[in-house]
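Please open the model in your viewer and keep the selection panel handy. We will go from stop to stop, and at each one you will hear what to pick and what is there.

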Amino acid sequence: MLRYVLKRILWLIPVIICVSFIVFALMDLAPGTIIDAMISEATTAEDIAALRAKYDLDKPLIYRYGKYMFRLAQGDLGLSDVSQTSVWDKYITRLPNTLLLSLAALVIGSAISIPMGINAARHAGKITDTATTTFTLIGMSMPSFWLALLLILLFSYYLGWVPAGGNKGFSAFILPAVCSGLLLMANSTRQTRSSMLEVLNSDYLRTARAKGVPEKVVIRKHALGNAWIPILTTIGSSLGVSLAGSAVIESVFAWPGVGRATVDAVLARDVTETCGMIIMSTIIYVLLQLIVDLMYAFVDPRIRAQYTNRKKKRRSAV
Amino acid sequence: MKKAIRTLCLIMSITMLLTILASCGQKASEKPGTETGTPSTSSAPSATPTPNTPPPPPDDENVKYAEELDVIIDNNKIAVINPFLSASNTSPTTWVFNMIYDKLVYGLGEGEYGPGLATSWDTEDYKTFIFKLRDDVYFHNGEHFTADDVIYTIEQARAAEGAPVHDRWADVETATAVDPYTLEIVLKTVNVDFFYNISQPQSGIVNEKAMTEDPENGTWIGTGCWKMADFAPNDYVKLVRNDDYWGDKALTQRITLRYVPEMSTKLMQLQNGETDVCFSLDPVDMPMIEADTENYTCYKYTYNNIDLIGFNMEDPIVGDWNFRMAVMSALDLEEITIASCGDYGIVETEGTVYGYETEFRNHDIPKVPYDVEKAKEYLAASPYNGEEIEIACAIATYIISAEVIQEQLAKIGLKTVIKQMDPPSMGAYCAYGDNKSQMFVHVGPQTLSAASYRNLYYPGAGYNRVSYNNPVITEMLDRAPTLTDLEERKALYMEMQEIIAQDPPYFSMYWLQHMAACVKGVGGMVLSADSYFDLRYIYKIID
Amino acid sequence: MSKIPNASETVPEAKQQKKRSRFGEIVHSIKRNKSAVAGLIIIALLLLILIGSLFIKYEAVTATSTANRFRTPDLEFPFGGDNMGRNVFLRTIYGSRYSLSIGFLAAAISTVLGVFLGSLAGYYGGLVDDIIMRASDVLASIPGMLLGMVIITVLGQSLQNLIIAVGVTGVPIFVRITRASVLTIKNQEYVEASRAIGMSHLRVIFTQVLPNGLSPIIVTFTSSLGLSIIVAASLSFLGFGVPVPKPEWGTLVSAGRNYIRTSPNLMSFPGLFIMITVLAFNLLGDGLRDALDPKLKK
C-alpha cells in the first residue's frame, strides 16, 4: 500500500517537469511579453531595453527555463515578474478560496444528488425517475458561465437576496457555491442512479430480500455499500473538473480564487506566476486523484486486496 | 476653532510663499547672463486638477463624518504598492500613492506649485535648486524625515529602469544634502518639466530605513496623511488615517479601495449599500444611477487619454495619405461613440490628436469632415485595391468601436478584418521597430503636461505604435523641455500640432466620460482628467 | 490448387455480419429509448437551423444601427437588438455554424488523436503504454480552460485555433477509454487468429480490435461533442474565442452579460441555444450508451 502511494507521488516529478516545460514554452511562444503588459505612457525606448535585460528576454528560452527549473528544484516557486512578490504566497492565500468553493460544491452537490439518485433508481421508469433524469441532463448541459449569470439575474437582481459577487461574508459565497454545486450535482445524480440501478438488480440483493432483510437495510447496507465506487469516481473527477473550471465561475462572481489569478497571470504574461500556479494546480489535482483512489481501497475490500498484493493492475478509470 | 486657525495660517503661509515664488520665477525666466528683464508668468507647465467635487464644508461642530468608507475603484487593478516597479503604473495605484506619500511640491494648477515636504526653493538658472525641507515630518514607522530620504528616493528611482518613477527623477544630475533639511539638486540640463515630474504621485518620498529593512513592503511607508493597513494584490487596499500627520488630518478614519471585475456586481454592491463610492460603472447603468438624485450624487469627469485609430505609417497601403483621409472621411463618429460609450462619450470635434485637458491644446485645427463621397474619392486615389485591411484591438470598448468602424468602412468599399488580441499581444504586434499591424483602435495616453505628447510621436516611445518618425517633430520634441519661456513653449507645441495634422498617423474619435457614483453626502475628492485622483480628504457626511 | 482464404476476405465478412446485426440492434434500441429519440429530434432541428442559417447574409448579421440599440424583442427582432443594434436572433441562428462545427471538429480531433494513441498504448503495452499514458496524464493535469487559453494566446484568435485548442484538451479521455477497451479485446481469440495468419500489428488494431471496442468510444464521442461546445463557449466567454464580429454563442453571452439587468434577453437566448444543443448530444449519448451496453440487454 505504502509503496503504491509512494510510486504515485514519485510520478509527480516527471509530470511537473513536463507541465512546467509545456507552460514555459507556450508562454514564451505567445506574442507579447511582460513588458508589453507593463508599458505606461512614459515608457521610452531606453526603458524598454532596460526591462528586456532585467527579465532576460534577450537570452534564449533554455536559459530562462534553466534558471526557473534550478530554482524550482530547490522548492522555490520564485517571485512574480509583475509584482516581485512570492508566487507561493499568492497561491496559498488564494487556494483556500478556490478549495472552499469546490468543497462547498461537493457538499451541496452530494447532499442532494445521492438521495436523489437513489430515489430515482428505486422508482426506475416512473415519473420521479424521468423528472430526475431530465433535471440532471439539463444541469449537465448548461454552460457554467450562463448558469452563473442566470443565478445572478434571478437571486441578485430580481429577488435581491444575495450580492452578485465579491467575497464579503457568507451571502456572497452562496451563489458561486451553488453554481459549482449544481453542475457536480447533475453528474453525480446520474452516476448514483445508474450504479444503484445496476446494484438493485443484482443477485445478492435479491438474496438479501429473500432472506427477509428489511428494505431500508437492504438499500443502505448492501446496495449503497456496493455502489460507492462509481459515485466516488464521479465526485473525484468532478472535483478535479471544478478546480480546473473555477476560472470561469471565479471571473463571473469576482471570487478571489486561484483560477482567476492564473488567468490574470496569463494576460499579464507573467511567466513565473503562470508556471507556478499551473504547477501547483497540477499537484493538487494529482494528489486529489490519489486520495480518491485510496478511498476506493478503503471502501471496497476487493480493491484493498489488490493493492496489498502488489499485483500490476490497470489504473482505475477516474 | 483650532483647526480654522491652522487652516488660516496655512493659507497665509502659502500666499506668502507664492509671492516669493513668483519673484523667483521672474528671475528664472530670464536667459542666463541678462539683467532682470520684464517679469513673465511662471514657466512651469500647468498640470494640476482643480477640485471638482465639493470640498469639505466649513468647520462646524455639527458636521459628523463617517469613520469608514468603502470605495470600488475603476477598471484597473492595484498589483503592487511600489513606485519602483513598472507594474504600479495603473491609475488606482496612483490614488494610493497620493494618500500614503508626500511629494516635495504639490501642484496647485495653472503652473503654480505649492510647498509639500519642501517649504521653499531657490534657483538662479533653472538648473540648480536649493530646497528647504520641513523638519517636523515623520514617516509612518516613526523615522524623522530628512534630506537623506529624498536622496535615497532619487537613487532608487534611477535604479528602477522601466518604472514610471524612473523618468520623473531622470533629469537629476546630482542631489546632495547641504544639511539635514536643505537639499541641493542639480539637473542635467534645463528642464521645465522637472517640477511637474516631482509633483506626480509616483514621486512620493520613501524612507531609507523602511526600504532597507523590508525590501518587499518597505514602500508602504511614507509620510502621507494615510497609512497602509492591509493589501491583497489585485483585490483590495485598506488604509487608516495618519493621526500624526504634519498637515491637515484626513476627514475619514478608515478606507478600503476594492477592485471588482464584474460590472453587474459593482452596480449591485452600490445599490445594496455595500460601498460608498463606485468608479467606472457600466455606461448602460450610469443613467439610472445619475437620475436617482435622491440616493446618489454623481461626479462626471472626462478622461484625458485619447481614444484613437492608429495607422501604421510603414504599411504601403495604410501609410498612404489618401488612404488615411479616406478612412477619416468615412467614419460617422457619432455612431461609433454611441455604440462604444453610450451616453457617456463626447464626440471629437477638433482635428488635433491631443489630450483633452493637456496644456497647449491647439483648438484651431479643423477635423476631417464626415463625407462619404469624398471618402470614396480618397480611396480611389490611394493604393488600396480590394485587400482586407486588418484592424487590431484589445480592449472591450475598442473592440466595439472596431466593429462599428468595420461596418462603416464597408460602405465605401473598404474591406476589413478585425484582429482581436489581448493587450500584451497587441503591444508586441504594434511594436515600433517591428510593426506588423495595419490599423488599430487603442488609447493614446496623455498626461496634463504637454511633455507627454512625446509618447505618441517620438521614435521608439512605448506608445508610438504607428512607427511615426518625422525628424522635424523629433527635433521639436527634443527642444521643448529646454524652453523656459512659457509663450515660446506654447507656440512650439501649437506648431507641432499643425505640422502633424498635415500628415496625421492617428485619428481621434471620442472622449470617454467617467463617473464616480457616490452615495449621498460623499465629497472631497479631486477627480483630475489624468485619473491620478486625490482621495486624501474624501468624506461622507452622516446625520 | 485450392486457394487459401485470404484473412482479409474471410474475417471482415464475418465481422460485417456481426456488425450488421449489431447495427440493427442498436437502431432498434435507440428507437425504443425515448430520450435518445428526443435527442435525435433536437439534433435534426438544429441541423435545419444550420441549413436555414446558410441563407442569412453575413452583412445582415453584422449591420450596426444606432436606432435599434437595445431594441426590445418583437416580431422583426425576436431576440431583441444588442448594444450595437444588431439583430440578436439572426446572430444566434447564424452562430449555430460556429458552435456546431467547433463541436464536431474538435470532438473529431480528440477522437482521432485519442483513439490512435490509446489503441497503441493498449495494444503494445510496456514502455509504449507507459509513455503514452504519462503524456496523457500531463495533458489532463493542466486545467483545461487554462491550457486552452494559453494555446489560443500562442496561436492567435481564430476559429481554427479554437478548434485545435478545444480538440487538444479533449484527447486524454479518449486515450484512457480506448486503452481500456483495447486491453479487454486484445486477448480475444479472433485477434490471436488474425495474428496467426500473419496480419500486421497495425492492421490488427484497426480492423479487428477497434471495431469491436467501438461502443465506449462512440458514447464518449457524443458526450465529447457536448463538452467541446461548452469549452469553446467558455473560452469565447473569457474573450479567447472566435474573433468579433463572428457571433459564436459564447461570444454573444459574453457581450450580453453587461446588460443583464436592462436587457436580459441578450444573454439568455444564446445561452439557451448552447444548453439545448449540448442537451441533445447528451440525450443521444445516453441513448447510445443504453443501446450499446450489453448488460442492459434483456
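Start by selecting Ile274(C), which touches Ser141(A), Pro143(A) and Phe145(A) as well as Ile229(C), Ala233(C), Trp249(C), Gly250(C) and Val253(C), leaving aside residues up to four places away in sequence. Contact here means heavy atoms within 4.5 Å.

Before moving on, a word on conventions: this is a predicted model, in which local features need pLDDT of at least 70 and side-chain atom pairs count only at pLDDT 80 or more, while totals for chains, interfaces and linings use all residues. Residues are numbered from 1 along each chain as its sequence is written, chains are lettered from A and ligands numbered from 1 in the order in which they are written, and side-chain values use heavy atoms, with hydrogens and water left out.

Buried means under 20% relative accessible area, exposed over 50%, and partly exposed in between (1.4 Å probe, protein chains only).

**A helix pair in chain C**

Next, show helix 2 (residues 34–53) and helix 13 (residues 265–292) of chain C, which pack at an angle of about 140 degrees with their axes 7 Å apart. Helices (H or I, at least four residues) and strands (E, at least two) are DSSP runs, numbered from the N terminus. Among the residues making the contact are Ala36(C), Gly39(C) and Ile43(C) of helix 2 of chain C, and Phe273(C), Thr277(C) and Leu284(C) of helix 13 of chain C.

**Around chain B**

Now colour chain B by secondary structure to see its 16 helices and 23 strands. Buried residues make up 60% of its 543 residues.

Find Gln513(B) in strand 21 (residues 506–519) of chain B. Is Gln513(B) buried or exposed? Gln513(B) is buried, at a relative accessible area of 17%. Its contacts, not counting residues up to four places away in sequence, include Met286(B), Lys300(B), Tyr344(B) and Ile346(B).

Then go to Asn234(B), in the loop between strand 9 (226–232) and strand 10 (236–241) of chain B. Its phi is near 65 degrees, a positive value in a residue other than glycine, and Asn234(B) is buried with a relative accessible area of 11%.

One more loop in this chain, between helix 14 (454–457) and helix 15 (471–479), holds Ala461(B), which is buried at 8% relative accessibility. Draw a C-alpha to C-alpha distance to Tyr432(B): the two are 29 residues apart in sequence and 7.7 Å apart in space.

**Last stops in chain C**

Select Phe70(C) in the loop between helix 3 (58–62) and helix 4 (88–124) of chain C. Phe70(C) has a positive phi of about 55 degrees although it is not a glycine, and at 22% relative accessibility it counts as partly exposed.

Finish at Pro245(C), in the loop between helix 11 (214–238) and helix 12 (249–256) of chain C. A cis peptide bond, with omega about 0 degrees, joins Val244(C) to Pro245(C).

Key. Axes fitted to C-alpha atoms, helices over the stretch in contact; angles between N-to-C directions.
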